[in-house]
Amino acid sequence: MARRHKGRHGRQAAGTAARAALLAAFLPGLALGQSLTPEGQTLPIYGQSEEGTQAPAGPALAPTEDLDSNARYADGTEASHTPRIAARPGAVRITGSEDEGEGSPATLLADQVTLGADNRLTASGGVVIWYRGARLIASRVIYDNETGAAVIEGPIHLTEPARAGTPQETILVADSAQLDPNMQDGILRGARLVLAREMQMAAREMRRSENGAVTRLDNVVASSCQICAEDPFPLWEIRARAITHDARTNTLHFDRPQFRALGMPIASLPRLTAPDPTVERMTGFLRPQFRTTSGLGFGIKLPYFITLGEHADITLTPYVATSRTRTLELRYRQAFSNGAMEWNGAISRDDIEEGETRGYLFGGARFELPRGYMLGLQIQMASNRAYLLDYDISSADRLWSGLTLDRVRRDRMVMARIGNYESLRDDEAEEFAPSVVADALWKRRWTPGRIGGIASLEWSLHAHRRSSSQDRDGRDMARGSVMLGWQRSEILPGGLVGAAQAQVNADFYRITQDSEYDDWVMRADPTLAVELRWPLARHSGSVTHIIEPVAQLVWSPEREAEDDVPNEDSRLIEFDEGNLFSLNRFPGWDARESGLRANLGVGWTRIDPAGWSIGLTAGRVFRTEPDPAFAFAGPDGPDFTGPQGKKRSDWLLAAHYSGANGLAIANRALFDDSFSISRNELRLGWFQPGLQVSAGYLWLDSDESENRESDVSELTMAGGWQLAQGWWATTETRYDFTADRAQKAQLGLEYRNECITVEMSVERRFTSLGEVRPDTRFDLGIRLGGFGQQKPGPGTVARRACLR
């Protein structure tokens, strides 16, 4: 029967110290602390001293691999990467327990405990020792109180249950052990060490030194693959004369390693150093990437990662492809106490453009300033668009470099931006497009004391400059605007909801290098609106139906000819359920709706208790006269075409479905009285553990007012699905039905098991315009498990089940 053993005071103190050292000796990294981020993510404490001092507060860089894609904007630009950082407040820590210090007692459970005349303490029969969260299981433990030596008979099993399933988990199994007098160093025979349940090492003998911080395994086999008795050959393994694990640096040092696949020798090295599974960032080579492209041929990328402390690092990536390119890529990241920055660049000499040196530089930074302001910096430069596509850097056709400043609060917002656009489009003359653009916006909302409702005040500034000095084509503009608005809604008798809105916009323009417009233009546009809604709900069983008719009447004076200004920021106009009841559907300031108009619509929603819902929205806009703001200057005068160019706009019909099974469908269509569709957009998303699909179809009629000379009919689709256990396939395509050709097609395949990840992808780009040529690319990447922390991928992991 197991019992708690208590000896005399002197012997108890000696036994307690011995067993405490015994448990600490066998569990690498037992005293390694952790920090807790505000999001709940646990990260290692960097810079912790041996005395357990707290790490300095401040952000640290995220792991090396960052799979987040660039954010794409409507103006054709992309946002440069800024590294992800995690705040590590040193005062927040995770430890085993508050009262488990160095001198805390150990707990011994055994079937039998005896103290012999030779001053030896012997525990036998189901021995279990608990100390500071660690658990040791053995068949027999003999401790010599005079010499300080300890002999442990196995099977020995040492774990730390509190860290089970975490990167810091360590499992040690051995047949027998003999410790030195310091009770931390010693020899274990028939030992097997498992780090983070990934890397397992089996050796005839294991030696511990440096007070248990260094573990050396002789004649060792290491692998992260599952090994079964009936199939002792893992998918891959490393056999070495010795492997040394340094718990202080979390590194594995291999002496004479030999890499084997399915039991067959593949390669040998004199020495090798690799991170253990707990490491997030460490200097060394990253996994190579093999690539074949039709333009560059077969090549290999071999990234080398260099840590510059815990807040900065550099990645150098040579790229060599069958003597057809010599490329050096560079990435620099640095985290500060108030922000982070990242710079990516490359320089190349290749056969695509012989004798030319091409390259690019993308950089982004973001810093938190006092009083809640955020400062952003972005720099983007490239030789040409073909270079970005040839080396799979970006598909952006415009680059933006500049500064941003913003501050957002509950009732006010400040935003400022100044920068330079660089066009990479072959059909766009750079000197005739605005290059230097500056914007500033200040907005505040509050509740007036007497009239109630919500009032808002907005100031904005804008200026842009073209490189050309030609009349009209080189037009430069500057604008200052102010907007004062008020709105209030009330519940009326019968369940009606009434609302009133008032708004005044005033603009001041300075226009140069365009003889068609006045140099100075001042205008003011007041707007009044009333709205009436009647939300109705009906419950039938557990199903809820909601229907809401809405009528909105809006008035603003018709625009005078002397108030005309060039429309630079409102060329693309959306008409959907989001702005059906807006006072102005133009996205910018240069154009505004005018005249008397009525926005009418109705919405219906069905909510099912099974977890799915469906909704419909229909509406239309009626005007007393066609709005000149929507007209296009044709050869025979103003052309009032388009979805909103006539007295009666096109019908808007939008539908959406959302299911509990992860399926979501949304469709939006615009059509006239003859049911001729001018615009239609369909989006579908289906996300399940073994299936992820995102697709969209877009149809747009040709519209000269939006510089669209031909119809647009385009399908985009991206998906991933589980083919089998461990196999995950991805696909992506973009097909232009108007041109009857695909613009892009990609197919990827990934296999993952417990010890290896193989990624393959083939992509074909069909674009052929100017210096941009069609290209086919094949990528192959192999990553071995057990070396450094790795992010989980999509789908499941293939695991073998050992038959017993």
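Helices (H or I, at least four residues) and strands (E, at least two) are DSSP runs, numbered from the N terminus. Keep that handy, and select Gln289: it belongs to strand β22, residues 289-293.

Before you go on, a word about what is on your screen. This is a predicted model, where local features need pLDDT of at least 70 and side-chain atom pairs count only at pLDDT 80 or more, while totals for chains, interfaces and linings use all residues. Residues are numbered from 1 along each chain as its sequence is written, and side-chain values use heavy atoms, with hydrogens and water left out.

**Stop 1: Gln289**

Is Gln289 buried, partly exposed or exposed? Its relative accessibility is 27%, so Gln289 counts as partly exposed (buried means under 20% relative accessible area, exposed over 50%, partly exposed in between, with a 1.4 Å probe and protein chains only). Leaving aside neighbours within four places in sequence, Gln289 is in contact (heavy atoms within 4.5 Å) with Gly299, Ile300, Lys301, Asp779 and Leu780.

**Stop 2: rings and a charge**

From that list, pick Lys301. Lys301 lies over the face of Tyr319, 5.3 Å from the ring centre; a charge sits over a ring if NZ of Lys or CZ of Arg is within 6 Å of the ring centre and within 35 degrees of the ring normal. Tyr319 also belongs to a cluster linked by ring pairs, together with Tyr360, Phe362, Tyr387 and Tyr391. Rings of Phe, Tyr and Trp (its six-membered ring) pair if their centres lie within 6.5 Å; planes under 30 degrees apart count as stacked, over 60 as edge-to-face and the rest as tilted. How many aromatic pairs does this rule give? The count comes to 17. For another charge over a ring, go to Arg533, whose charged end sits over Phe581, 5.4 Å from the ring centre.

**Stop 3: Glu593 and Arg585**

Select both residues. Glu593 is in the loop between β38 (543-556) and β39 (595-607), and Arg585 is in the loop between β38 and β39 too. Glu593 has 5% relative accessibility, so it counts as buried; Arg585 is at 3%, which means it is buried as well. The side chain of Glu593 reaches the backbone nitrogen of Arg585 at 2.8 Å. On the Arg585 side chain, a polar atom lies 3.0 Å from the backbone oxygen of Asn579.

**Stop 4: nonpolar cores**

A nonpolar core is a set of buried Ala, Val, Leu, Ile, Met, Phe, Trp, Tyr and Cys residues joined through side-chain atoms within 4.5 Å. The largest one has 42 residues, and those with the most contacts inside it are Met201, Trp236, Ile243, Leu252, Phe254 and Phe787. A second, separate core of twelve residues includes Tyr319, Tyr391, Leu399 and Leu424.

**Stop 5**

Zoom in on Gly154 and Pro155, joined by a cis peptide bond with omega about 10°. Pro155 lies in strand β11, residues 150-159. Phe675 sits in the loop between β44 (663-671) and β45 (677-688), and at 65% relative accessibility it counts as exposed.

**Last stop: zoom out**

Show the whole protein chain and you have two helices and 51 strands. Of its 804 residues, 40% are buried.

Notes. Polar contact = N/O pair within 3.5 Å; in protein donor to acceptor, adjacent residues only side chain to side chain.
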